[in-house]
Amino acid sequence: MTPAVPRLGGAHHAVAVIGGGQAGLSVSHGLRARGVDHVVIEAHRVGHEWRERRWDSFCLVTPNWQCRLPGHPYRGNDPDGFMVRDEVVRYLEEYVAAFRPPLVEGVSVTRLRRSASGVFELTTTAGEFTADQVVVATGPYHTPKLPRMAERLPAAVEQVHSSDYRNPDRLPDGAVLVVGTGQSGCQIAEDLHLAGRQVHLAVGSAPRVARFYRGRDCVAWLDDMGHYRKSIDDFDDADAVRLRVNHYVTGRDGGRDIDLRAFARDGMRLYGRLTGIEGPALEFADDLATNLDHADAVAEGIKDAIDAHIEAHGIEAPEEARYRPVWQPGEQPRTLDLAAAGITSVVWATGFTRDHRWIEIPAFDGRGYPMHWRGVSSVPGLYFLGLPWQFTWGSGRLEAVGRDAEFLAGHIDASRRLADVCGTLTGAPSELASALPIG
Ligand SMILES: Cc1cc2nc3c(=O)[nH]c(=O)nc-3n(C[C@H](O)[C@H](O)[C@H](O)COP(=O)(O)OP(=O)(O)OC[C@H]3O[C@@H](n4cnc5c(N)ncnc54)[C@H](O)[C@@H]3O)c2cc1C
């Protein structure tokens, strides 16, 4: 039987979870297990981000065994593989089918305020309601980030952000400039390259990691080495860690390295960072060699750490030759004439910005980043979930969002019980929370 859709307009809920992605669903699972009344509000449909903002050939870069949402670990027959886009959507849909969260789809929360008495007031596209506690699980990537210079591209050149890129056929015939070499930029450049398109790639400073080394996925080695259990508290500069760009690698076709030098050897044109657009000309920084060397050095440094781990633990693992660069940049052009290069489209793989302006509560620092520890904000009863490096590397991912969700669900339940005793939400009930099984 389909559960009734929870009421919103005029209702009061103990907890409102905003966002029905993997983060919102995970905390809902934990609240359900603790018998906490709540509602999950999703602006679109579950899986929206994966369904609508990823390209057609998209697949996870993280292995399937790292998909471990609470009560819903990956159970397929390819744990070392990488789910493609539609499989990720199905994984989330199956999660919903498995525990039937109190979910309302197609409703946006447009304003969140807190009354003088401490009750949260939510304005939605389906009316207003109140809640004692709120979890903001609206995702880590809100607004596509485009540099201002995008405005100066000639009108004839089609431009899309990586979140709107779908496949090579959707772009006009001709060469394509891809700007940015984070995970999205590298994978989209490869997608176009494999389709036979002439790709020009503005290479940034993102690091890379090898897919496999000494017989295993590097992610598996790093997992054994405790890398994914390391918390943000273990670093001196949390801000710097949170701003780090992810290493590029791909899960495509069973997983492989992304080697930009190999792409260049095979005809892709590489440049340094894009620094300007003047009339019909693009301008690049003189940092291509540095950026490629840096990416390789990081990848080789990770292999050094894996070697040390293997040696320290006496693990039997096949020897593997180290990477040798297959291409070196010569005298690189610092400018490129768009028309002469036949560039008809640009893909901006330049990331996203956060947008929490609809939250009218002073819970943010001067940069608009939520003030929180493990998602528990500075405002009693307000929580965040799914932020990159919220607590560990996997916080913004399928790997550890569930661990953070369990922590918050325990905390929320403890707060609720404490409020029953004290008559009001008091903030961080750390003593009570730590007594709960939320490790
Ligand atoms: C290109 C790319 C590749 C990635 N690859 C991987 C990978 O390989 N492995 C991995 O583990 N992770 C990966 N991630 C990171 C992460 O898993 C995803 O970003 C994931 O979508 C985050 O889940 P979430 O639930 O935190 O947020 P989202 O999936 O963004 O879900 C948030 C939901 O909130 C809804 N929402 C937003 N605002 C409101 C509002 N005001 N009212 C109501 N609803 C609202 C949205 O519609 C959305 O459905 C990748 C991310 C990107 C961008």
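Predicted model: local features only at pLDDT ≥ 70, side-chain atom pairs only at ≥ 80, totals over all residues.
# Ligand shell, helix packing and sheets

The residues of the shell around the ligand divide by class into 15 polar, 11 nonpolar and 4 charged.

**Surroundings of the ligand**

- The ligand is surrounded by 30 residues, and the closest of them are Gly19, Gly21, Gly139, Gly386 and Arg397.
- Four elements, namely α1 (22-33), β2 (38-42), α2 (48-52) and α4, each contribute at least two residues to the shell around the ligand.
- Helix α1 gives the most to this shell, with 3 residues, and α1 also takes part in both of the helix contacts described next.

**Helix α1 against helix α3**

- Packed helices are described by the angle between their axes together with the distance between those axes.
- For α1 and helix α3 (residues 85-99) the angle is about 20 degrees, and the axes lie 11 Å apart.
- Because angles under 35 degrees count as roughly parallel, α1 and α3 are roughly parallel to each other.
- The crossing in which α1 passes α3 is left-handed.
- On the α1 side the contact is made by Gln22, Leu25, His29 and Arg32, which meet Leu92, Tyr95, Val96 and Phe99 in α3.
- Sorted by class, the contact of α1 with α3 holds 5 nonpolar, 2 polar and 1 charged residues.

**Helix α1 against helix α9**

- Helix α9 (residues 401-422) packs with α1 at an angle of about 45 degrees, and the two axes are 8 Å apart.
- That angle makes α1 oblique to α9.
- Here α1 passes α9 in a right-handed crossing.
- From α1, the residues Gln22, Ala23, Ser26, Val27, Gly30 and Leu31 meet Val401, Gly402, Ala405, Glu406, Leu408, Ala409 and Ile412 in α9.
- The contact of α1 with α9 comprises 8 nonpolar, 4 polar and 1 charged residues by class.
- Gln22 of α1 is listed in the contact with α3 and is listed again in the contact with α9.

- Strands of a sheet pair through backbone hydrogen bonds, in either a parallel or an antiparallel sense.

**The antiparallel sheet of 3 strands**

- A further open sheet has 3 strands in the order β16-β17-β18, with antiparallel pairing.
- Because β16 (274-278) and β18 (335-337) stand at the edges, each with a single partner strand, one side of each is left without a neighbour in the sheet.
- Its neighbouring strands are turned against each other by 20 degrees on average, direction ignored.
- Strand β16 is joined to strand β17 (residues 281-284) by 4 bridges, and the two run antiparallel, with Glu278 standing opposite Ala281 in β17.

Technical notes:
Residues numbered from 1 in each chain as written. Near = placed C-beta within 6 Å. Nonpolar A, V, L, I, M, F, W, Y, C, P; charged D, E, K, R; others polar. Axes fitted to C-alpha atoms, helices over the stretch in contact; angles between N-to-C directions. Parallel < 35°, antiparallel > 145°, perpendicular 65-115°, else oblique. Left-handed = near helix turned anticlockwise from the far one by under 90°. Contact = placed C-beta atoms within 7 Å. Pairing = 2+ DSSP bridges.
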